[in-house]
Amino acid sequence: MNGAALGARLRERDLTAAPAALNLVENRTPAARAEIAALLAEVAPSRLGGEAPAHVVGVTGPPGAGKSTLLSALAAAWRERGRTVAVLAVDPSSKRSGGALLGDRARIEADAADRGMFIRSTAAGERLGGLAPATRAAAQALAAAFDVVVIETVGVGQSETDVAEAADTVAVVVQPGSGDALQFIKAGIMEIPDVLVVTKADLGLVALRAVRDLKGAMRALDERGTAVVAVSSVPPASGIGELADALDAHREALDLPAARTHARRLGALADFVAEHGERGLRALGGRRDAQRWLAGQDAALEQPALLRALEARAGL
Amino acid sequence: MSHRLPEPDRPWMMRTYAGHSTARKSNELSRGNLARGQTGLSIAFDLPTQTGYDADHELARGEVGKVGVPVAHKGDMHALLDGIPLDEMNTSMTINATAAWLLALYIVTAEENGIDAAVLQGTTQNDIIKEYLSRGTYAFPPAPSLRLIADMVAYTVEAVPRWNPVNICSYHLQEAGATPVQEIAYALSTAIAVLDEVRARVPEERMGAVFGRISFFVNAGVRFVEEHAKLRALGQLWDELGRERYGVQDPKHRRFRYGVQVNSLGLTESQPENNVQRIVLEALAVTLGRDARARAIQLPAWNEALGLPRPWDQQWSLRIQQVLAYETDLLEYPDIFEGSKVMEGLVAELAESARGEMARVAELGGAVEAVAYMKAALVDSHRERLGRIEAGELTLVGVNRYQETAPSPLTADAEGGILVVDPAVEQEAVDALEGWRATRDEAGVRSALEELARVAATHENVMPATIAAARAGATTGEWAQALRDAFGSYRAPTGVGEAAAPASTEAVAELRDEVARVGEALGRTPKILVGKPGLDGHSNGAEQIAVRARDIGMDVVYEGIRLTPAQIARSAVDEGVHVIGLSILSGSHRSLIPDVLDALRAAGGEDIPVVVGGIIPETDVEPLEAAGVAAVYTPKDFELTRIMGDVVALVAQRNGIAAAAA
């Protein structure tokens, strides 16, 4: 367990360090906490000379919307464009027995010999659709080494908040005819995604209607920036290149340092709450005060450093 | 009605499920079986042939000639059927995803022997739904698979009128753990999906003939009274379906026709001689009552839970049928259950429950849409069954009761009383394939495959182009690849994700505490990858292990069937698992397990311990352990919780975690 060495390997874009790095960031022992901090310090903006280069993409949608199939095709398209890809598939399954079946739904087709592709299933956080602290840390670590880091989650509704915080670009995947996403957007329950993906475009009219309805809703909400893309993975596949372009376009228009700084601060606060609960939050003067205080900190500080700073402030 | 028949009935068709190694060896086997009094052929194909890969494909490694005969092209089919009179023979082919192709090869072989397709008799299994649910040898997604089946039905009903194009299988559902009700309901729901699809392709007035050509392939377990009732219930519901849903007028067309292979699930590795009486009783289930008697029977061999049967083992099974048909008085009477209160009561009960379950499937949109639901239901039923065996509520003589046994002379020989396929047949098949490709008219093959691809993309019937490709000399892998390109690939649901959490036993609760303790020490939840390398699609065992591992609190990575050793190794490393469990039932463990270990070393996962389960002969255990496998489990290890206890202990030991205080 040598976090600094693993972090240095990731900074050098050594993709073979990914499995061991993930084993470390998922480790909950007290001994691992310091090593995780050391790992993340190695990939902090100050060490990288800027923000981690990866495009962190959140992909979310209801079960059965075709996310795995879509990701198989999208990952292949990214690989064709010469980009390395890491996928963090967050599993929502019941934790009743403490165990979980991972990968069952997230089987993404990939060439086993391709070192430029990395897939890891991770457990979900405590809240429905929430991210476990390990997933945020994993995304930050992998973002130093890979060109694209995908965080895949299940859900439609309020559950995207965590992903939106951790990702540069959020794509919501819907299948035609379900209408859920449209209703949630109209009702203001769901945050506006950066890209809306309609799968199963091979269904023809019903898919076209879904695209039209979603575009209409975006116009009505004056969210013209949200791209709506229809894709089909049934041969002949279609729309995948267009989707990759739409994701790129969003990322290019983004103020990356601001977004990442924001993500680290919110991540640190989430870690703090996970560790110290409401009582800890009260010691900081409440969530709002904590956020205000975080906004005044050095923008380049990595998440564990921010967490330590919060703990110091709370007298913990 | 008299209590005697004026004439004894003619016996059912007697077959033995046979094929292995090469077309030539399998031809010898078939001829031997026919010489011993078998009256029909039943061909077992190897897994590459069943899933549409040639012997030189990566996924075919270790599987060529193992569980059946490899047939790559019409030359192989000629060798397989050499000297067998196709105009008289009734041939059953256990083939599904690639059924259209194997039927085409059969038709072309007959044609080149001067026999018209119109006289050919036989059956192609061709039930794709149960491949998704149980057997795993699918190749294409559901919609195009169903289209292939419907194309075959529409084609054969006119051009090969004596052929049964589809044998709807309840057999494999029972093997996957189905209750009698599930078996009836899911088989009939599958039949409805097929018939609805065909209805769009044939004139209304031909639906009676179509309905009459649909046959079934059923299972019979050792609870033979209820099993017989199940067959009567199937007959009743089938008749109902024909009348009410499809308006079939002719009662002959509505007759429930079925062939049978009796239960393998209940056959045991321990005291395997007991399987003989199980098989006899199961044969009674499908023959006792005349109103629901099988048209064709094949019986498994006593040593099926150990490995592949030898010719003598198969002869023994054939002799069971012959004694039943020719020595007993079974065939001299009308239906002996007519007027039986017990039988009528059982049939009514099963039929009613089955109607309810069929309605549930229909609500979900029919069998194709309900695959995930049915799969999860089967995984649950199977778990329930295993739980009852573990708890001793379901008696298996020689397994969970009366385990004390004298040494068996039946398994005393060097190979442990089974047939072992010479591993050299794989290379032979690869070489022969190369030779075939070198001597055929390549341009003719290309243009036939192009035509096939064109037809596949339209709504034209795919059979004529398939037959033309067979005639031109295309291979199984080429035919399937052309269709994979057109149809796309597919992974069936594993059913494990939906499996409900069970009422936990004390042993499970204890193990859960131990998993939590090991997890605390590790810093993260113990994680296991459950893998099925190769083409073997019999995933029931792997699924049960995956579900039990979750139930005791482990994180489980299970990605379904048909993975290469490299894919398994990569997943294990990327996912950071603490242990790998591999399941193989096809006999390919001798090459695939070492392949996985090699792949693990190449991927940097040499420290991850590997345990193996499946149909592993005793004689193979030591070589596997010598190759680096941490533990081997065979069918006699039926206590899943105990196995999982071993696995957790292994994880603790490999990670330097002290054993739990006693």
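**Exercise 1.** Which residue stands opposite A:Thr153 in β5(A)? Work out how β5(A) is paired and covered.

*Solution.* A quick note before the steps: this is a predicted model, where local features need pLDDT of at least 70 and side-chain atom pairs count only at pLDDT 80 or more, while totals for chains, interfaces and linings use all residues. Residues are numbered from 1 along each chain as its sequence is written, and chains are lettered from A in the order in which they are written.

Step 1. Strands here are DSSP runs (E, at least two residues), numbered from the N terminus. The residue we want is A:Thr60.

Step 2. Now the partners, where pairing takes at least two DSSP bridges. Strand β1 (residues 55–61) runs parallel to β5(A) over seven bridges. Strand β2 (residues 85–91) is parallel to β5(A) too, with five bridges, and A:Val87 sits opposite A:Val150.

Step 3. Check the cover, counting a residue as buried if 20 or more other C-beta atoms, placed from the backbone, lie within 10 Å of its own. In β5 (residues 148–154), seven of seven residues are buried. A:Val148, A:Val150, A:Glu152 and A:Val154 point one way, and A:Val149, A:Ile151 and A:Thr153 the other. Side chains in a regular strand alternate between the two faces of the sheet.

**Exercise 2.** Where do the centres of the two domains lie relative to each other, and how many residues does each give to the contact?

*Solution.* Step 1. An automatic or database assignment sets the bounds: chain A splits into domain 1 (51–253) and domain 2 (258–313).

Step 1. With contact meaning C-beta atoms, placed from the backbone, within 7 Å, domain 1 gives seven residues and domain 2 nine.

Technical notes: Buried ≥ 20, exposed ≤ 12 C-beta atoms within 10 Å, placed from the backbone. Helix = DSSP H or I, 4+ residues; strand = E, 2+ residues; numbered from the N terminus.
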